[in-house]
Amino acid sequence: MFRILFLLLLIVPAAEIVILVWVGHQIGPLPTFILIVLTSLLGAWLAKKEGLHALRLAQTQLQNGQVPGFVLIDGICILAGGIFLFTPGFISDLIGVLLLIPPTRAVAKAWLLRYFQRKIKSGQYHFYWKR
């Protein structure tokens, strides 16, 4: 797992730089810079909108005595999507947008849910309830 993470931390930034340089060469440095800033602003707005929606839904579920489990996974995806959009680069922007748009976020939520279920069943994650 750590080898894969190490490779991703090495390959993704290098790919981001290559793409930024290529786009800068195609459309010019100033339009590239403006495009990066605009995607960050759009990402901030979308993350705020989706995050507030998830927060309201979690509050409603808590008021009704329900555990907001799926909403918390939604929140994790929204937070990650916002972080990816604030990171300069087009690959990270694409990942960020996919995590913020509800239809594509559903794929990430399903993957996260399976991941957490595997970890809980294997005993790697433990939950302690205080009363």
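Begin by selecting T39 and I36: a polar atom of the T39 side chain lies 2.8 Å from the backbone oxygen of I36. This is a predicted model, in which local features need pLDDT of at least 70 and side-chain atom pairs count only at pLDDT 80 or more, while totals for chains, interfaces and linings use all residues. Residues are numbered from 1 along each chain as its sequence is written, and side-chain values use heavy atoms, with hydrogens and water left out.

Remain at T39, which belongs to helix α2 (residues 29–63); helices are DSSP runs of H or I with at least four residues, numbered from the N terminus. Is T39 buried or exposed? T39 counts as buried because its relative accessibility is 17%, the limit for buried being under 20% relative accessible area with a 1.4 Å probe and protein chains only. Now display L85 and D93, which T39 touches when residues up to four places away in sequence are not counted (contact means heavy atoms within 4.5 Å).

Next, select G75 in helix α3. At 28% relative accessibility, G75 counts as partly exposed, that is, between the buried limit of 20% and the exposed limit of over 50%.

Key:
Helix = DSSP H or I, 4+ residues; strand = E, 2+ residues; numbered from the N terminus. Polar contact = N/O pair within 3.5 Å; in protein donor to acceptor, adjacent residues only side chain to side chain.
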